[in-house]
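Biologist: I have a structure open and would like to learn how to read it. Can we go through it feature by feature?

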Amino acid sequence: MAETKSSRTIRDKARAAADKPAAFGENVDLGAYAGSGEEHPYQSDPSRLSAAAREQMLEAGVILDDPSQRAGTFIQMDNATVHSSVRQEGLEVMPVGQALDKYDWLSDYWWQAVAVDTDKYTASVELNQHNGYFIRALSGHKTVYPVQACLYMEKARLAQNVHNIIIAEEDSELHIITGCITASDKEAGLHLGVSEFYIKRGARVTFTMIHKWNPEVAVRPRSAAIIEEDGLLLSNYVLIKPVGSLQMYPTAKCVGKNATVRFNSVLVAAPGSSLDVGSRVILDAEEAKTEIVSRAITTGGSIIARGYVEGNAPDVKGHLECRGLILDGDGIIHAIPELKGTLAGIDLSHEAAVGKIAEEEVEYLMARGLTRNEATATIVRGFLRVDIEGLPPSLSGELQRAIEASEKDLM
Amino acid sequence: MGDVALSIEGLTVEVEGREILHNVNLAMKLGETHVLFGPNGSGKTTLLMTIMGFPKYRVTGGKVVFQGQDITGLPLDERARLGIGMSFQRPPVVRGVKTRDMVAACLNEQEPEARIAQLAEKADLAEFLDREINYGFSGGEIKRSELMQLLAQRPTLTLIDEPESGVDLVNIALIGDLLNSVLEKDCPIPERKCMGLIITHTGHILNYVNARTGYVMCDGVIGCEGDPHEILATIREKGYQECIRCFMRRTPGG
């Protein structure tokens, strides 16, 4: 398991950071959550999981009844891996503990993109780790269908501490869809997820993450990616359902020439939800490019939408777009776009807008025969539409379905 | 000839507490196109917006009768569904909503894709279908997009606000064609199922679209009614000042 592979230095750093507050987000009392969860038996056939669980997973894009649409599957319930399988050559999907046992070299990646002592949440993942997934595309191999991963929380008041590693070797192509779900719509829980992405020269990764929590859940993902020359990371994040408190600020670092990152996020905050979500890109190599697009809607919850692009190399290009829509008078959206350039010849820009639906736009659509509700729904649907290039059609469909599901809740 | 299909009777309208239109009367039959001239700020757009039913335009007197039904109190969208459509002078940008979505909304039919493609071809807007509506469109593109939507909507009464404003010469001929399609100008008058009311400041659109009746509006009042070409000739020669002087001479106490 992971603990045997973690060097003393990493452990020491984690222990030293065990009480270190996070840079952003309200403090979560780690002591309020249980460390170990139910034991769930391994299922070689995931379609034998309970109908209720399969239904919930499906809503987050995880398909268990028809494996032909997925190149691989990983399912973790509470702290147990209940299924892990691969259907395509050149692809590896397994519990990260197993991967650490199998590959000595994996320690070279362990806590390399994310610092273990970032805050008490990363420290907790190191000190109380409950598995996670390892997904790797071998050099030159391209997956047609996506790999799916599901992190499912069933036990009440559980702290789920996962550490995921994604490696796309040179010139590979990897599509991943992950669903993070709580079984209950009211039990408290804490999800701490560290994800480290290593995208090698010429590799392309799309990562689509759909979260479905409940109003009592606290979530602190800690993700970072390192992208080499001509590599691409396309990250899509959709938060549909209410959540108690969510704070994340994934970071992508472009270290090779012409590395490209695009972050898209669609956030919906119901009353009582507190979201602090951003995307950060560091352009450290020439001609590296990024685009960060976020859409935030509040129906009464609070959203801090952050974005940060830093240009440290010649001819880098970055654009940040953050738009917020307040559908209810009690909602708050605070957009914080930041740009930092450290040399001449870079091109960084941002646009941010927060407002309500313009009456003029509603009336324009009504003049075409739509009712007020239809017009409003059309505008909201348009607002949430993020056109994503490079995503396989099946995943675009998945993403669209997830977003449409949120529309129903909004209207 | 047919019966009156649009009748504006003694219409008085205020906007944000200020009276803009005063006792406006106008009648139109199916198949006809009427043109409303007038200087900027004379109330032309207010009249169109009131007929369309925008809530900001409050009717304080008179009524609007459309195909025998008093629609003065009807909401905007119900009027649209009854068969009233409008080409806006400056329509808003609606981010995320594509031109295609707007045309589909106007068509309101199952599997509209083939028809949308056909209309876009006609309006020379095929490349605009997947762009956000009105976002970064030129003056001519906006007008063509508005008329494409109206061709999809097929209203009985089409209200057109300044079809030539901000449009170059290349575009205006195509806009004239589209407008003639919307108004079924290729059909004999008795067979037409629609009618149009066009606002024009310059009258340039009359080179492309035939109209039967012209009105001059000044200060919220329709000052005269007659042959649109004759009216336009007078306006071109003597300006709107002459229309106002002429109207004042004919008004008791003027």
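Biologist: How many helices and strands are there in chain B?

Modeller: This is a predicted model, so keep that in mind throughout. Chain B has seven helices and 10 strands. Its radius of gyration is 18 Å, close to the 18 Å that the globule rule gives for 254 residues, so chain B is as compact as a globular protein of that length. Along the principal axes, its C-alpha atoms fill a box of roughly 60 × 40 × 40 Å.

Biologist: What share of the residues of chain B count as buried?

Modeller: Burial is a neighbour count: a residue is buried if 20 or more other C-beta atoms lie within 10 Å of its own. In chain B, 47% of the 254 residues count as buried. Then look at contact range. Among contacts in chain B between residues at least 6 apart in sequence, 72% join residues at least 24 apart.

Biologist: Now chain A. How many helices and strands does chain A have?

Modeller: Chain A has eight helices and 20 strands. The radius of gyration of chain A is 21 Å, close to the 22 Å from the globule rule for 411 residues, so chain A is as compact as a globular protein of that length. The box for its C-alpha atoms is roughly 65 × 55 × 45 Å along the principal axes. Buried residues make up 56% of the 411. For contacts in chain A between residues at least 6 apart in sequence, 84% join residues at least 24 apart.

Biologist: Which domains does the domain assignment of chain A give?

Modeller: The assignment gives domain 1 (2–357) and domain 2 (358–411). The C-alpha centres of these two domains of chain A lie 25 Å apart. Their contact takes 23 residues from domain 1 and 21 residues from domain 2. On the domain 1 side, several strands of chain A each supply at least two residues, among them β7 (173–182), β9 (204–212) and β16 (289–298). By class, that side has 13 nonpolar, eight polar and two charged residues.

Biologist: And between the chains? How many residues does the contact take from chain A and from chain B?

Modeller: The size of an interface is often given as the accessible area lost when the parts come together. Here we count residues instead. The contact takes 18 residues from chain A and 20 residues from chain B. On the chain A side, α6 (359–366) and α7 (372–384) each supply at least two residues. The largest share of that side, six residues, comes from α6(A). The chain A side divides into eight nonpolar, four polar and six charged residues.

Biologist: Which residues are buried in α7(A)?

Modeller: They are Ala375(A), Thr378(A), Ile379(A), Val380(A), Phe383(A) and Leu384(A). Check the helix length too. At 1.5 Å a residue, the 13 residues of α7(A) should span 18 Å, and its end C-alpha atoms are 18 Å apart, which agrees.

Biologist: Which residues touch the most other members of the largest nonpolar core?

Modeller: In soluble globular proteins, nonpolar side chains tend to be buried together. The largest nonpolar core here has 203 residues, and Ile199(A), Val205(A), Leu233(A) and Met52(B) touch the most other members. This core draws at least three residues from each of domain 1 and domain 2 of chain A. Take Met52(B). Leaving aside neighbours within four places in sequence, Met52(B) is in contact with Ala367(A), Leu76(B), Arg79(B), Ile84(B), Met86(B) and Leu159(B).

Biologist: Next, backbone angles. Where is Arg157(A) found?

Modeller: Arg157(A) lies in the loop between β5 (147–153) and β6 (158–168) of chain A. Its phi is near 60°, a positive value in a residue other than glycine. Arg157(A) is partly exposed, with 13 other C-beta atoms within 10 Å.

Biologist: Is Glu162(B) buried or exposed?

Modeller: Glu162(B) is buried, with 22 other C-beta atoms within 10 Å. Glu162(B) sits in the loop between β7 (157–161) and α6 (169–182) of chain B. Its phi is also positive, about 50°, although Glu162(B) is not a glycine.

Biologist: One last residue. Which residues does Gly189(A) touch, not counting those up to four places away in sequence?

Modeller: Gly189(A) touches Met153(A), Ala156(A), Arg157(A), Leu158(A), Thr182(A) and Val217(A). Gly189(A) lies in strand β8 (residues 189–199) of chain A. Gly189(A) is buried, with 26 other C-beta atoms within 10 Å. The C-alpha atoms of Gly189(A) and Ala159(A) are separated by 6.0 Å, though 30 residues apart along the chain.

Technical notes. Residues are numbered from 1 along each chain as its sequence is written. Chains are lettered from A and ligands numbered from 1 in the order in which they are written. This is a predicted model: local features need pLDDT of at least 70, side-chain atom pairs count only at pLDDT 80 or more; totals for chains, interfaces and linings use all residues. Helices (H or I, at least four residues) and strands (E, at least two) are DSSP runs, numbered from the N terminus. The radius of gyration is taken over C-alpha atoms; the globule rule is 2.2 Å times the number of residues to the power 0.38. A residue is buried if 20 or more other C-beta atoms lie within 10 Å of its own, exposed if 12 or fewer, and partly exposed in between; C-beta atoms are placed from the backbone. Two residues are in contact if their C-beta atoms, placed from the backbone, lie within 7 Å. Ala, Val, Leu, Ile, Met, Phe, Trp, Tyr, Cys and Pro count as nonpolar, Asp, Glu, Lys and Arg as charged, and the others, Gly among them, as polar. The expected span of a helix is 1.5 Å times one less than its number of residues. Domain bounds come from an automatic or database domain assignment. A nonpolar core is a set of buried Ala, Val, Leu, Ile, Met, Phe, Trp, Tyr and Cys residues joined through C-beta atoms within 7 Å.
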